[in-house]
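Subject: Structure handover

Hi,

Here is the structure you asked for, with the sequence. My notes on what turned up follow below it.

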Amino acid sequence: MDTIILGIESSCDDTSAAVIKNGVLLSSVIASQAVHESYGGVVPELASRAHQQNIVPVVHEALKRAGVAKEELSAIAFTRGPGLMGSLLVGVSFAKGMARSLGIPMVDVNHLQGHVLAHFIKESADDNDKPEYPFLCLLVSGGNSQIIRVNAYNDMQVLGQTIDDAAGEAIDKCSKVMGLGYPGGPIIDRLARQGNPNAYTFSKPHIPGFDYSFSGLKTSFLYSLREWVKEDPDFVEHHKEDLAASLEKTIVDILMDKLRKVVKETGITQVAVAGGVSANNGLRNAYREHAQKYGWKIYIPKFGYTTDNAAMIAITGYYKFLDKDFCSIDKPAYSRVTIK
Ligand code: KG4
């Protein structure tokens with residue numbers, strides 16, 4: 001019998017639904033929320049309202065594109081956390097209601113586990129380019145910067161993580177103070193392509209072990225910028241490409257320095273990257289350079305699976321479904337937790 005999973009993701013500002021049949025992706029629909037742009041960041045209340053408007057049409061569209069009737073579904077997988085509570089509640093409540101009305105199991109998914117397992121999304125039956133266990137995964141998003149040892153789909157160990165800001169958060173905040181817009185990641189990425197990465201030097205953290213820190217870099221960036229703007233009010237306009245390239249290089253160096261350390265210590269040379277910041281070209285290039293120089297086998301997700309999406313939730317749900325790891329209706333959404 002076919003196993004058909006509907007995945008639902010609503011943890012932040014993207015409403016997404018995807019359908020996976022026997023492990024192969026049939027459809028993936030994402031409605032992003034433009035409403036936050038003018039605020040320079042996600043406004044939680046607006047996000048949950050937009051999810052409420054989007055959820056029905058997005059799920060409908062995902063089923064339609066997949067050519068699957070809701071009665072054919074085996075289970076519904078949904079992001080239970082971590083994320084914004086109001087946003088999560090929309091997806092969680094919808095998924096529970098739909099699963100209950102169809103009389104099928106519900107499968108709860110940890111959003112971060114989903115990001116890591118995005119590497120297992122198959123676009124066709126013969127798409128088998130996936131990491132083998134154990135592998136390392138650098139998970140870098142707006143809310144997380146972690147190095148994870150992945151022993152199995154349901155056995156992940158965080159070896160290091162940020163003690164303050166996440167890498168994406170640092171990029172977004174620096175972009176915001178430069179007045180470049182939100183979200184900063186894609187803007188910095190684009191500008192950095194035209195700038196000199198060695199034009200400016202920003203401070204790098206000295207944190208022992210495998211942990212990260214990005215708040216010092218953010219502060220150093222802010223102070224330097226303030227001084228430069230005092231001298232030349234149009235400083236950002238004149239130097240935005242070099243600023244973006246230097247900031248990006250600093251962040252990529254910080255991320256890769258720790259990752260090299262972990263690879264050296266664990267001896268694991270299969271190294272994946274996941275999360276919104278993994279869309280960054282500088283980081284992707286650094287991965288390719290490391291693969292060449294150190295013989296790493298690297299796994300870089302397709303652009304569409306870097307930021308929040310329901311395909312990664314559906315594939316995680318698929319594995320949990322095969323293990324009959326279901327969720328009961330009384331399990332609430334949770335806003336905070338990392339992979340344990
Ligand atoms: O994984 P994600 O979509 O959401 C979270 O769960 O946090 O990641 C969003 C983060 C934002 O900080 C955004 O600026 C960053 O990913 N991002 C990028 C790029 N595209 C998105 N950062 C650097 N370069 C990019 N091309």
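Ile171, Glu248, Ile251, Val252, Leu255, Val277, Asn280 and Leu283 line the largest cavity. Please keep in mind that this is a predicted model. The cavity holds about 30 Å³ of space. A search of the whole structure finds 1 cavity of 30 Å³ or more. Helix α7 provides the largest share of the lining, 4 residues. By class, the lining has 6 nonpolar residues, 1 polar and 1 charged.

**The cores**

Ile251, Leu255 and Leu283 are among the residues with the most contacts inside the largest nonpolar core. Leu138, Phe214 and Leu243 are on that list too. The core has 43 residues. At least two residues each come from β6 (135–140), α4 (167–177), α5 (184–192), α6 (215–231), α7 (235–266), β9 (270–274) and α8 (281–294). The biggest contribution is from α7, with 14 residues.

What does Leu243 touch, not counting residues up to four places away in sequence? Its partners are Met178, Tyr200, Phe202, Phe221, Leu225, Trp228, Phe235 and Val236.

There is also a second, separate core. This one has 33 residues, including Cys137, Tyr299, Ala314 and Tyr318.

**Phe202**

Phe202 sits in the loop between α5 and α6. Is Phe202 buried or exposed? Its relative accessible area is 4%, so Phe202 counts as buried. Beyond four places in sequence, Phe202 touches Leu217, Ser220, Phe221, Ser224, Trp228, Leu243, Ser246, Leu247 and Thr250. Lys320 is 118 residues from Phe202 in sequence. In space the two are 44 Å apart, C-alpha to C-alpha.

**The largest pocket**

About 1,600 Å³ of space lies in the largest pocket. Its lining is made of 50 residues. Nearest the centre are Cys12, Ser141, Gly142, Gly143 and Asp172. Elements giving two or more residues to this lining are β3 (24–32), α3, β7 (145–152), α4 and α5. Helix α4 gives the most, with 6 residues. The lining divides into 15 nonpolar, 24 polar and 11 charged residues.

With a relative accessible area of 10%, Ser141 falls under the 20% limit, so it counts as buried. Setting aside neighbours within four places in sequence, Ser141 is in contact with Ala166, Ala167, Gly168, Glu169, Gly275, Gly276 and Val277.

**Helix α4**

The buried residues of α4 are Ala167, Gly168, Ala170, Ile171, Cys174 and Ser175. These residues lie on the same side of α4, because they cover an arc of only 160° around the axis. They pack against β6, β7, α5, α6 and α7. Gly179 follows α4 and has a positive phi, near 75°.

**Backbone points to check on screen**

- Tyr133 to Pro134: the bond is cis, with omega about -5°. Pro134 lies in the loop between α3 (111–117) and β6. Its relative accessible area is 33%, so Pro134 is partly exposed. Outside four places in sequence, Pro134 contacts Arg149, Val150, Asn151, Ile268 and Gln270. Pro134 and Ala244 are 110 residues apart in sequence and 35 Å apart in space, C-alpha to C-alpha.
- Tyr182 to Pro183: this bond is also cis, with omega near -10°. Pro183 is in the loop between α4 and α5.

- Asn22: phi is near 50°. Asn22 lies in the loop between β2 (14–21) and β3. Its relative accessibility is 35%, so Asn22 counts as partly exposed.
- Lys324: phi is about 55°. Lys324 lies in the segment after α9 (311–322). Its relative accessibility is 65%; the cut-off for exposed is over 50%, so Lys324 counts as exposed.

Best wishes

How values were computed: Residues numbered from 1 in each chain as written. Predicted model: local features only at pLDDT ≥ 70, side-chain atom pairs only at ≥ 80, totals over all residues. Heavy atoms only, no water. Core = buried A, V, L, I, M, F, W, Y, C linked by side-chain atoms within 4.5 Å. Buried < 20%, exposed > 50% of the residue type's maximum accessible area, 1.4 Å probe, protein only. Contact = heavy atoms within 4.5 Å. 1 Å grid on protein atoms, 1.4 Å probe; cavity = no way out; pocket = protein on both sides within 12 Å on 5 of 7 lines; lining within 4 Å. Points joined across faces, edges and corners; volume = space filled by probe spheres on them. Nonpolar A, V, L, I, M, F, W, Y, C, P; charged D, E, K, R; others polar. Arc of directions from axis to C-beta.
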